[in-house]
Amino acid sequence: MSPWLGNPVRGVLLDITGVLYNSGGSGGGIVIEGSVEAVERLKAANISVRLVTNETQSTREKLIQKLGRHGYSVNVDDVFAPAPAVSKLLKERRLSPYLLVHPGVLSEFDNVDTSSPNCVVVGDAEDHFTYDNVNKAFQTLMGLDTPILISMGKGKYYKQGDHFQLDLGAYVAGLEYSCDIKAEIVGKPSKDYFMTALNDMHVSPSEAVMVGDDIVHDIGGAQNAGIKGMLVRTGKYRPSDENHPLVKPDVIVDNLAKAVDLILS
């Protein structure tokens with residue numbers, strides 16, 4: 001066991017995009033070398049693995065299909081994504097949302113009443129972040145006595161191919177500013193989001209490691225939950241992340257394969 005771990009690792013949380021594969025390419029992503037084998041090595045060592053993602057452009061089922069095409073063997077229950085969690089939250093709180101989300105994830109909300117919106121849910125709507133759609137979300141919030149804004153993560157940007165893409169956080173921040181409210185975050189970096197995955201594995205924070213490419217939402221969020229964070233130099237990683245003013249990764253490695261080498265050493 002590597003000395004920086006402190007305790008034997010019983011559970012590993014993995015981001016998907018930027019850790020298992022990079023966005024882009026004709027097949028919907030390009031597998032990062034050694035990552036498929038790295039996941040299997042963790043399983044062979046009887047270490048529980050959960051995929052903790054802020055992906056909100058497709059359902060978990062479609063995400064599993066994409067991972068399968070890339071050679072990964074995972075089940076739907078192994079994936080923690082914001083949309084199913086938000087759908088459950090809406091039903092528990094009897095909320096009817098205006099959905100500012102990508103069409104690919106709408107089916108996650110099939111059993112949610114949207115007839116008379118009393119809240120707004122925002123995901124990575126990509127091209128559907130039109131003025132009319134964002135303004136409708138704004139108007140919905142302004143028309144409520146107690147406006148509720150729920151954001152499925154709050155990422156600043158992500159990487160697709162060779163280019164950085166604006167993420168939903170910018171739109172959420174605009175709604176927060178214009179409506180004088182604070183969004184409820186379901187997804188990384190929420191502590192509750194990480195703890196839900198750990199509880200599913202019956203693993204304590206001190207027995208877990210998060211591997212991700214996002215210095216703030218993956219690493220900072222995990223550390224805030226008491227989980228050690230391993231930053232990989234793949235995906236949206238930038239060299240400046242290694243000198244982030246607020247978040248200091250426990251370990252920085254080239255890729256998931258190297259991370260697993262350390263975990264198993």
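1. Ser96 counts as buried because its relative accessibility is 5%, where buried means under 20% relative accessible area, exposed means over 50%, and partly exposed lies in between (1.4 Å probe, protein chains only). This residue is found in the loop between α3 (82–92) and β6 (97–100); helices (H or I, at least four residues) and strands (E, at least two) are DSSP runs, numbered from the N terminus. Leaving aside its neighbours within four places in sequence, Ser96 touches a run of residues that includes Asp113, Pro117 and Cys119, contact being taken as heavy atoms within 4.5 Å.

2. A word on the basis of these remarks: this is a predicted model, in which local features need pLDDT of at least 70 and side-chain atom pairs count only at pLDDT 80 or more, while totals for chains, interfaces and linings use all residues. Residues are numbered from 1 along each chain as its sequence is written, and side-chain values use heavy atoms, with hydrogens and water left out.

3. Cys119, one of the contacts of Ser96, belongs to strand β7 (residues 119–122), from which Cys119 and Val121 point one way and Val120 and Val122 the other, all of them buried. In a regular strand the side chains alternate between the two faces of the sheet. Strand β7 pairs in the parallel sense with β6 over four bridges, and Tyr98 stands opposite Val120 there; two strands are said to pair if DSSP finds at least two bridges between them. Strand β7 also pairs in the parallel sense with strand β8 (residues 149–151), over three bridges, and the partner of Val122 in β8 is Ser151.

4. Six strands form an open sheet with parallel pairing, in the order β5-β4-β1-β12-β13-β14. At the edges stand β5 (79–80) and β14 (251–253), each with a single partner strand, so one side of each is left without a neighbour in the sheet. Strands of a sheet pair through backbone hydrogen bonds, either parallel or antiparallel.

5. Which residues stand opposite Val12 in β4 and in β12? Val12 faces Val49 in β4 and Val209 in β12. Strand β1 (residues 11–14) runs parallel to strand β12 (residues 208–212), to which four bridges join it, and four bridges likewise join β1 to β4, again in parallel. Strand β4 (residues 48–52) is mostly covered, with four of its five residues buried, and two bridges join β4 to β5, which run parallel; in that pairing Leu51 stands opposite Val79.

6. Val203 lies in the loop between α6 and β12 and is buried, with a relative accessible area of 5%. Leaving aside its neighbours within four places in sequence, Val203 is in contact with Arg10, Gly11, Leu198 and Ala208. Val203 and Val39 are 164 residues apart in sequence and 18 Å apart in space, C-alpha to C-alpha.

7. Helix α7 (residues 215–224) is mostly covered, since seven of its ten residues are buried, among them Ile215, His217 and Ile219. The buried residues of this helix pack against α6 (191–201), β12 and β13 (228–232). Asp214 caps the N-terminal end of α7, with a side-chain oxygen 3.0 Å from the backbone nitrogen of Val216, and just after the helix Gly226 takes a positive phi of about 85°.

8. The protein is divided into domain 1 (11–54 + 189–264) and domain 2 (84–185), with bounds that come from an automatic or database domain assignment. The centres of the two domains, taken over C-alpha atoms, are separated by 25 Å, and nine residues of domain 1 are in contact with twelve residues of domain 2.

9. How much area is buried between domain 1 and domain 2? The value is about 850 Å², of which carbon and sulfur atoms give 55%, and buried area here is the accessible area (1.4 Å probe) that two parts lose on being put together, summed over both. Ser23, His217 and Lys236 supply 48% of the area that domain 1 buries against domain 2, more than any other three residues.

10. Across this interface the rule finds zero salt bridges, a salt bridge being a side-chain nitrogen of Lys or Arg within 4 Å of a carboxyl oxygen of Asp or Glu. The rule does find three residue pairs in polar contact, both residues at pLDDT 80 or more. A polar contact is a pair of N or O atoms within 3.5 Å; within protein, one must be able to donate a hydrogen and the other to accept it, and residues adjacent in sequence count only if both atoms are side-chain atoms.
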